[in-house]
Amino acid sequence: MDMRKVIGGNFARLRKSKGLTQEAVAEKSGFSQSYIGWLERGQRNPTAISIWMLAQAIDVMPADLVQPIDENA
């Protein structure tokens, strides 16, 4: 399991479910829109602090970003 893809996929799904754009999250989090895009594509390896800051920006718990989704459920 590639945790970069898990975190990126969860972040994108949760961001979209809250009606937020990458640009809005970038402003709120302090990360660039490019970083958010790379993260969502699984091309960045976020630190624990980054996960915390990104979770706060979209108002979710950090655990929501690292929880693998059971695609068979």
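1. Asp-2 caps the N-terminal end of helix α1, with a side-chain oxygen 3.0 Å from the backbone nitrogen of Arg-4. This is a polar contact in the sense of a pair of N or O atoms within 3.5 Å; within protein, one must be able to donate a hydrogen and the other to accept it, and residues adjacent in sequence count only if both atoms are side-chain atoms. Helices (H or I, at least four residues) are DSSP runs, numbered from the N terminus.

2. The model is predicted: local features need pLDDT of at least 70 and side-chain atom pairs pLDDT 80 or more, whereas totals for chains, interfaces and linings use all residues. Residues are numbered from 1 along each chain as its sequence is written, and side-chain values use heavy atoms, with hydrogens and water left out.

3. Asp-2 and Arg-4 also meet through their side chains in a salt bridge, at 3.2 Å from N to O. The term requires a side-chain nitrogen of Lys or Arg within 4 Å of a carboxyl oxygen of Asp or Glu, and the count by this rule is two. Arg-4 is partly exposed at 37% relative accessible area, and Asp-2 is partly exposed at 31%. Buried here means under 20%, exposed over 50%, and partly exposed in between (1.4 Å probe, protein chains only).

4. Glu-40 forms a salt bridge with Arg-15, the closest N and O atoms being 2.5 Å apart. This pair links distant parts of the chain, with Glu-40 in helix α3 and Arg-15 in helix α1, 25 residues apart. Glu-40 counts as buried because its relative accessibility is 15%; Arg-15, at 7%, also counts as buried.

5. Helix α1 runs over residues 3-17 and reaches 21 Å from its first C-alpha to its last, close to the 21 Å expected at 1.5 Å a residue. The expected span is 1.5 Å times one less than the number of residues. Its buried residues include Val-6, Ile-7, Phe-11 and Leu-14. Among the elements covering the buried residues of α1 are α2 (22-29), α3 (33-40), α4 (48-57) and α5. Just after α1, Gly-19 takes a positive phi of about 70°.

6. Ser-50, in helix α4, is buried at 10% relative accessible area. Leaving aside residues up to four places away in sequence, Ser-50 touches Phe-31 and Tyr-35; contact means heavy atoms within 4.5 Å.

7. Val-66 lies in helix α5 (residues 62-66) and counts as partly exposed because its relative accessibility is 30%.

Conventions:
Helices (H or I, at least four residues) and strands (E, at least two) are DSSP runs, numbered from the N terminus.
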